[in-house]
Amino acid sequence: GGVDRIPEAIGCYVPVMTNALVQQIHYAKNCVEVEVDQAGKSQILTANGAILAVPGHLVPLLCPQLPSWLSEPLARTRYSTIASVHIALERPPDIPYAGYGVPWNPEGIGVLELEHLRAPGRCPDGTGMISVYITDGVSEDDVRLKARALRFVERSFPETTNRALFLHLGRWQTGIACFAVGRLKEMADIRKRLATWSAPLDVCGDYLDGLSSEGALRTGEQAAERLGARISSKPQMLWCEARAR
């Protein structure tokens with residue numbers, strides 16, 4: 001119901017397999033083979049190319065054939081855990097900013113996002129919603145986690161006190177990509193090498209630039225552009241097919 005709507009909307013225009021588990025990916029000069037299990041049936045999909053749109057540390061596990069300049073940095077990808085509390089308000093605070101980065105605080109709040117400003121029309125007229133992202137709250141019980149987020153919002157924006165309509169809670173063990181010193185340069189170097197790589201394979205994800213879902217989407221577009229250019233430059237093409245193993 002959230003960012004899932006992006007791939008679901010795109011999927012309306014192309015053939016899509018759901019509930020399919022990718023076991024392994026192999027590639028040659030002009031094609032890719034993907035081993036897939038779906039509903040207990042094993043099959044191999046063959047295509048002109050493939051993009052691995054998964055968390056970075058999973059890429060080498062799916063495709064052990066990758067060169068070390070790509071597989072080793074991706075294997076070192078790390079993610080924070082994260083919990084989010086989305087607070088619907090009968091009246092939003094009167095402020096112009098769509099997001100706030102929060103310095104260290106005892107509540108562990110990292111980011112506040114005002115959804116009614118980030119995406120106008122997302123909330124009914126006159127109402128608002130603030131999303132609170134907590135880096136250390138995955139294991140905390142629901143009641144305490146919601147209370148922590150609401151307390152922080154009401155203290156930050158006093159005019160929202162007692163204005164909450166409802167709260168929605170989400171948790172992710174794989175949350176936001178972590179960028180230690182030197183990691184962004186490492187990812188920038190990988191993206192330069194991907195631009196000149198000739199294999200029918202590419203990768204995308206927030207771990208390449210650190211901008212969460214927006215970054216994942218943009219790196220996916222870039223991967224598609226690179227892969228499309230490689231495929232169109234090859235003289236012999238293969239049509240996508242599926243066969244039983």
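The structure is a predicted model, in which local features need pLDDT of at least 70 and side-chain atom pairs count only at pLDDT 80 or more, while totals for chains, interfaces and linings use all residues. Residues are numbered from 1 along each chain as its sequence is written, and side-chain values use heavy atoms, with hydrogens and water left out. Helices (H or I, at least four residues) and strands (E, at least two) are DSSP runs numbered from the N terminus.

Seven bridges join β8 to the antiparallel strand β5 (residues 82-89). Isoleucine 87 has isoleucine 130 as its bridge partner in β8, and histidine 86 stands opposite serine 131. The pairing of β8 with β7 (residues 109-114) is also antiparallel and extends over five bridges; here isoleucine 134 of β8 is the bridge partner of isoleucine 109. In general, side chains in a regular strand alternate between the two faces of the sheet. In β8 both faces are covered: Gly128, Ile130, Val132 and Ile134 are buried on one side, and Met129, Ser131 and Tyr133 are buried on the other. Buried denotes a relative accessible area under 20%, exposed one over 50%, and partly exposed a value in between (1.4 Å probe, protein chains only). Seven of the seven residues of β8 thus fall in the buried class.

Leu145, Arg148, Ala149, Phe152, Val153 and Glu154 are its buried residues, and what covers them includes β5, β7, β8 and β9 (164-172). At the start of α5, a side-chain oxygen of aspartate 141 comes to within 3.1 Å of the backbone nitrogen of valine 143.

Helix α6 (residues 183-196) has 14 residues and reaches 21 Å between its first and last C-alpha, close to the 20 Å expected. Buried in α6 are Arg183, Met187, Ile190 and Leu194. These residues cover an arc of only 55 degrees around the axis, which puts them on the same side of α6; the arc is that of the directions from the helix axis to the C-beta atoms. The buried residues of α6 pack against α3 (68-75), β10 (201-203) and α7 (212-233), contact being defined by heavy atoms within 4.5 Å. The face turned away from the buried side carries the exposed residues Lys185, Lys192, Ala195 and Thr196.

Glutamate 113, in strand β7, is joined to arginine 118 by a side-chain polar contact of 3.3 Å. A polar contact is a pair of N or O atoms within 3.5 Å; within protein, one must be able to donate a hydrogen and the other to accept it, and residues adjacent in sequence count only if both atoms are side-chain atoms. Leaving aside neighbours within four places in sequence, glutamate 113 also has contacts that include Met129, Ile130, Ser131 and Tyr133. Histidine 168 belongs to strand β9 and is partly exposed, with a relative accessible area of 48%. With the same exclusion of neighbours within four places, histidine 168 is in contact with Ser84, Val85 and His86.

Positive phi values occur in two loop residues. Asparagine 19, in the loop between α1 (5-11) and β1 (20-27), has a phi near 55 degrees and is exposed at 76% relative accessible area. Alanine 39, in the loop between β2 (32-38) and β3 (41-47), has a phi of about 55 degrees although it is not a glycine, and counts as exposed at 81% relative accessibility.

Notes. Two strands pair if DSSP finds at least two bridges between them. The expected span of a helix is 1.5 Å times one less than its number of residues.
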